[in-house]
Amino acid sequence: MKFVVKAWSNGKARGGVLQCPQQIETPALLLTTRKGLPVFIPPDHLLSLPSPDSNLLHFSPLHFLEGISLKAISNTGGLHSLLGLRDHILVAVPRDSIISIPDHDSTNRIGASFETPCGRMLIKPADYMEMISSMRPNLWITLADEVPAWASEKRNKASVERTLKWLDECINSNSTDGAVFGSVVGGSRVEQRRRCAQEVARRNVEGFWIGGFGLGESMEERNPLLRAVVVHKLLIMFIQSLHLKDSLPEEKPRLISGLGLPEVLQGVAAGVDIFDSTYIYHLTLGGFALTFPLEMIDTQITTYQPNSISGYDGIKINLKATMYMKDISPIVDDCKCYTCQNHTKAYINHLLNVHEMLAHVLLEIHNTHHFLGFFRSIREAIQEGKFEQFRQKFIGSRHEHLFSAALSDQLDISVQD
C-alpha cells in the first residue's frame, strides 16, 4: 500500500492518493457491506456506481462466524475470489456499527466482546488473526477495545492498554500481505486518546483507525439539537484536540467509522482521509434520499421546500411522505445514478409503502452515488484551497433550511388556529 498527500487546505484538511493496489483519491468513502457485499445493492449494479470511487468496500470478519467456514474461504483464495470482486479493495474492520456492535461491558483482557448475528461473541486476537489470514483483505484494522463516550477514566485507560497489547499480538502473528491499520481508542478522554495515538504511531503500521463512534445509537433516539451540540463537541475532543498532525504521522492515512453529516466535514477538517458509510445504510432504511447540492453551495438552487411534510432539512427528503405519491420526477433532476435515470419519486414512494425491498435497493444506489459525489466535491474544494469556505457554506445552508422549516411549520399552525 502507498499513500501520498497531494494537497492541503486550511491547515489540516488534505487530499491524497491511496494505492492498494488500485488508485483511490482521498478523502474517500468506504462502502458498508454485509459479508462483503452492499446491504441492498445487488452485485451486478455495483458497476453502475462511480469507479474507482466505489471500489473501497468495508466488511466485518465477524459476519462470517455463521455460514461458510474460514477454511473454505481460504481454500477459494480469500474473500476477493469468493465474492468475485477481484478489482475491489476490501477493508476489514472488526465492527460495522450495524450488526457487529462492540459490547464494552463484556470485553475483558482476553478479548473484545461483540453483539453479532450469532449472539454475543468474545473475539481473541488469535481468533481475529485467523479470520484475517483466511480472508486476505487489502487493508485490515487491528482488534480494539472500544468504549462509548460515557465510560469512566479507569475504563478508558484499560481500553487503551488492551488495544495496544492486542495491536502487538496482531502484528506479531500477521502472515498476510494486507496493510495494517492500528486502532486509536480512549473514549472521550483526550489524554488517553493522545497516549494511544502516540503509542500506535511507534508501531509498524501502514495507517490508523480512529474508533469510538457509531456504537449502536440510532438517529431516531437522539434529539436533533442535542446531537448537533454533543457530536460536534465530541469531534473536537476526539479528533482536533488529539492533535492528529502531531500524534499521527502525516504520511500515513487515517480512517474513521460512525460519522454522518455534517460530522464528516469536521473529520475532513481534522485531517481524516477515509470514512465509512453506515450513514447511507441508516438513511436508506428510513426511506430517506439525499438531495443536497453537490457543488459549491452558493451556486446551486434546490427545488425542495423545507418543511416537516417533505422531511427536507437541507440534506435529505423523506420519500415515504404522501406528497410524493404522484411526483413523477426523479429524486434529483441532474443525477446520473441508475435510480434517477430510470425511476420516479412516486414509484419509490409506492415501493416503500407496500414494503417492497426494491425500494431500499433503489434508494441505496442513489444515496451511495450522491454521497460519492459529495466526497468528490470535497476533494475539489481541497485542491482549490477552499475547503473551509465549502464547509461553512454547507453547514450554513443546512441551518437556513432547518430555520425555514421550523418557521414554515409555525406559520402552518398559526393559520390552522
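Hi everyone, let's start with a pair of helices: α3 passes α4 in a right-handed crossing, where right-handed means that the near helix is turned clockwise from the far one by less than a right angle, and left-handed that it is turned anticlockwise. Helices here are DSSP runs of H or I with at least four residues, strands are runs of E with at least two, and both are numbered from the N terminus.

Before I go on, a word on the source: this is a predicted model, in which local features need pLDDT of at least 70 and side-chain atom pairs count only at pLDDT 80 or more, while totals for chains, interfaces and linings use all residues. Residues are numbered from 1 along each chain as its sequence is written, and side-chain values use heavy atoms, with hydrogens and water left out.

Back to our pair. Helix α3 covers residues 125–135 and helix α4 residues 153–172; they pack at about 40° with their axes 10 Å apart. Axes are lines fitted to C-alpha atoms, for helices over the stretch in contact, and angles run from 0 to 180 degrees between N-to-C directions. The two helices are therefore oblique to each other, the class left over once under 35 degrees is called roughly parallel, over 145 roughly antiparallel and 65 to 115 roughly perpendicular.

Which residues of α3 and α4 meet? From α3 come P125, Y128 and M129, and from α4 come W166, E169 and C170, with contact meaning heavy atoms within 4.5 Å. By class, that contact has 5 nonpolar, no polar and 1 charged residues. Nonpolar here is Ala, Val, Leu, Ile, Met, Phe, Trp, Tyr, Cys and Pro; charged is Asp, Glu, Lys and Arg; the others, Gly among them, are polar.

While we're on α4, have a look at L164, which lies in this helix. Is L164 buried or exposed? L164 counts as buried because its relative accessibility is 9%; buried is under 20% relative accessible area, exposed over 50%, and partly exposed in between, using a 1.4 Å probe and protein chains only. Leaving out residues up to four places away in sequence, L164 touches C196, E199, V200 and R203.

Helix α11 (residues 345–353) and α12 have axes that come within 7 Å and cross at roughly 135°. That makes α11 oblique to α12, and this time the crossing is left-handed. Y347, I348, L351 and L352 of α11 make the contact with L358, A359, H360, L362 and L363 of α12. Those residues divide into 8 nonpolar, 1 polar and no charged.

Helix α12 (residues 357–383) also takes us to a sheet: α12 lies across β1, β2 and β3, running at about 65° to β1. These 3 strands form an open, antiparallel sheet in the order β1-β2-β3, and two strands pair if DSSP finds at least two bridges between them. The edges are β1 (2–9) and β3 (23–26), each pairing on one side only. Between β1 and β2 (residues 13–19) there are 7 bridges, and W8 stands opposite R14 in β2.

Strand β6 (residues 56–59) runs parallel to β7 and is joined to it by 4 bridges, with F59 opposite A92. Strand β11 (residues 139–141) also pairs with β7 in the parallel sense, over 2 bridges.

Thanks, everyone!
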